[in-house]
Amino acid sequence: MTDLSVLVPSYRRPDDLRRCLEALCCQYLAPVQVIVVARDVDKSSHLVAQAFADRLPLEIVKVNEPGVVHALNTGLLSVKAEIVAITDDDAAPHSDWLARIAAHFEADSRIGGVGGRDWVHTPDGTVVDGQRRMVGRVQWFGRIVGNHHLGVGPAREVDILKGVNMSFRRTAMEGLRFDTCLRGMGAQVHNEMGFSLAVKRRGWKLMYDPEVAVDHYPAPRMDIDQRGVFHPDATENAAFNWMWVTQTQLIGGRRWMSRQWQVWVGDASAMGYIHFFRALLRANPLARAKYRAAKRGRELAISLLRVLNSVQKLPELGGKQRVN
């Protein structure tokens, strides 16, 4: 059976981290290594992790810089196994999580990444339920489809895995790191999209299987980017990251179409023209502020990309790699 390491970045959510580590103690396939990455000032998370030292092959990695990108990149340096499974501290992997991940990697040597469904638990105790066949895709006209928390059906190939439930083959991500150009001091949204696309561009397959599951209890983020709450800087950062990732990882017509989609359509949080006009028609009082923040983020990303292109041709990040 394939050996797996588990990587859990955590910041000031000790109760969530405890639940996550308890779930890792119950895995049918035991991990050979559990890496908890926590800020050096986050004493409560360190204490929780240390309490599991006699139940898990635990390694606590301290970081002194904010942001999940730095935490993930630092944690990756300590990975020992051929497969690394990554989850968030506010998730509880199902007991067969690692066993199902390992089975996919063993079944096909061309698979570079595996992810699955996160069953979202709301504060009132209900579970978000629904069924979506299309999951984790970048459509040809530029639209990003997530739906990882609603996926049903058989395992299938996708373009993007979700950060709360993703795993990678060590050889597939050799030399890759999560993009340090992404903006934000905490969540740094879209980081997993960039990493997933980089692995896929190397020629590896990314698989999504709804049976590879975790329970997800979305916890408050320790930064300005709060779920369901508008903050202009958070919106600007998210729009920047979306534009930056697609323009550095997609190629040819898909790169151009993605840029047009973001400018003309966007989505409810990073509004393009169409979402902006819809919000105006619905008398959304935040419409103009949201649109302006997203526009600033997109324009900043495009400006920086132009500077990069003026210095050298935009690199085909990730490149191609032969997959056996």
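Q: Why is the crossing of α1 and α2 called right-handed?
A: In this predicted model, the crossing of α1 and α2 is right-handed, because a crossing gets that name if the near helix is turned clockwise from the far one by less than a right angle.

Q: What makes α1 and α2 roughly parallel to each other?
A: Their axes cross at roughly 20 degrees and come within 9 Å. Angles under 35 degrees count as roughly parallel, and α1 and α2 are therefore placed in that class.

Q: Which residues of α1 and α2 meet?
A: From α1 (14-25), P14, L17, R18 and L21 take part, and they meet S44, S45, V48 and A49 of α2.

Q: How do you know that the buried residues of α2 line one face of the helix?
A: In α2 (residues 43-50), the buried residues are S45, H46, V48 and A49. Seen down the axis of α2, they fall within an arc of 165 degrees, so they line one face. K43 and L47, on the other side of α2, are exposed.

Q: Why are α6 and α9 called oblique to each other?
A: α6 and α9 (residues 287-311) pack at about 40 degrees, with axes 7 Å apart. Roughly parallel needs an angle under 35 degrees, and roughly perpendicular one of 65 to 115; α6 and α9 are therefore oblique. The contact includes F240, M243 and W244 of α6, and L300, A301 and L304 of α9. α6 passes α9 in a right-handed crossing.

Q: Where do most contacts inside the largest nonpolar core lie, and how many residues does that core have?
A: The core has 47 residues, and L7, V84, I86, F168, F178 and V199 have the most contacts inside it. Helix α6 (residues 232-249) gives the largest share, six residues. Another core, of 28 residues, lies apart and has among its members I83, V114, V164 and M207.

Q: Why is R12 called partly exposed?
A: R12 has a relative accessible area of 43%. Buried requires under 20% and exposed over 50%, so R12 is partly exposed. R12 lies in the loop between β1 and α1, and has a positive phi of about 55 degrees although it is not a glycine.

Q: How do you know that N147 is partly exposed?
A: Its relative accessibility is 24%. N147, in the loop between β8 (144-145) and β9 (156-158), has a positive phi near 65 degrees and is a residue other than glycine.

Key: Residues numbered from 1 in each chain as written. Predicted model: local features only at pLDDT ≥ 70, side-chain atom pairs only at ≥ 80, totals over all residues. Heavy atoms only, no water. Core = buried A, V, L, I, M, F, W, Y, C linked by side-chain atoms within 4.5 Å. Buried < 20%, exposed > 50% of the residue type's maximum accessible area, 1.4 Å probe, protein only. Helix = DSSP H or I, 4+ residues; strand = E, 2+ residues; numbered from the N terminus. Arc of directions from axis to C-beta. Contact = heavy atoms within 4.5 Å. Axes fitted to C-alpha atoms, helices over the stretch in contact; angles between N-to-C directions. Parallel < 35°, antiparallel > 145°, perpendicular 65-115°, else oblique.
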